[in-house]
Amino acid sequence: MSTKTPNQDRDPLEELLKSWKVEATLPPRFQEDVWRRIDRAEQRSASSISKWFIGLAAHWASLLRKPIGAAAYLSTLLIVGSLTGVWRSDRKVDQTEIAWRAAYLQAVVPAAPFAYHP
Amino acid sequence: MIRPWIIAILGVVCALAGFITFYGSRTAEYRKLEAECGPELAWIKKEFRLADDEFERVKKLHEAYKPVCAEMCRQVDEQNRELARLLQTAQGVTPEIEKTLGRAAEIRKECQTGMLSHFFRVSQAMPPEQGRRYLAWMQAQTLLPTHESMLPKIGAKSDDDRDAHR
């Protein structure tokens, strides 16, 4: 059986920590400053994306204001639209010919016994 | 000074105009042909470059052959149904199955003869060079299949498989 009294169990470090008192003072409006800095950092990260878009739009607008920029933009879109039209029409023509050929074969070949591969 | 957003919208309009112009002009002939001849005969007219009178002859032959072809299809279907019915209960090749197979072979022969006659008549209604081309193509598609083309492709599912998964 232990014969130690409660005073004998005390840790000397614990005693020391209890006796320690902070004498330094925080700078004035310390908490307020911390919150302000957090708030500013958040605003900076959000506005960098919108700033990027605004910058891009402004850059585009300045390009489109110049006659040469506007002409380049309009002719690029005209060419892109036309080439897309050519590409889609080629595909449509191919698909149409395949469908027509299949329709003709279906109309003239009696069904089952023949191998049929349009 | 024109505002930039007006030019931006104008650009989209230009792109659409380019697309519609090229797509429309390059498919116009096909749309017109399909509206005039229907999909079956549009292919014949376009592929074999038929003049109007040649096309009219081919069209008449086609219209005359269609009911004959439909009747042949009906007979083929009937024989297939009969064969399927017999095979459901059969343990071996019975005389009935043999008779049905014989009848199916007869119908097949009739169909092939009728079809081939039609191909010859149509080819004769075309200019000689186009007629030869038509005949060769139709024979290759219908009467002269290679052994390979009759085998199911590896990895391809049969219609029955597809139905079973629905």
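Visitor: What makes residues of chain A and chain B count as being in contact?

Guide: Contact means heavy atoms within 4.5 Å. By that rule 37 residues of chain A are in contact with 49 residues of chain B. This is a predicted model, in which local features need pLDDT of at least 70 and side-chain atom pairs count only at pLDDT 80 or more, while totals for chains, interfaces and linings use all residues. Residues are numbered from 1 along each chain as written, chains are lettered from A in the order written, and side-chain values use heavy atoms, without hydrogens and water.

Visitor: How many Å² do chain A and chain B bury between them?

Guide: About 3700 Å², with 75% of it on carbon and sulfur atoms. Buried area is the accessible area (1.4 Å probe) that two parts lose on being put together, summed over both.

Visitor: Why is the pair Arg26(B) and Asp90(A) called a salt bridge?

Guide: The term requires a side-chain nitrogen of Lys or Arg within 4 Å of a carboxyl oxygen of Asp or Glu. The closest N and O atoms of Arg26(B) and Asp90(A) are 2.5 Å apart, so the pair meets the rule. Across the interface of chain A and chain B the count is 1 salt bridge.

Visitor: Which elements give two or more residues to the side of chain A that touches chain B?

Guide: They are α3 (30-65) and α4 (67-108) of chain A, and α4(A) has the largest share, 24 residues. Helices are DSSP runs (H or I, at least four residues), numbered from the N terminus.
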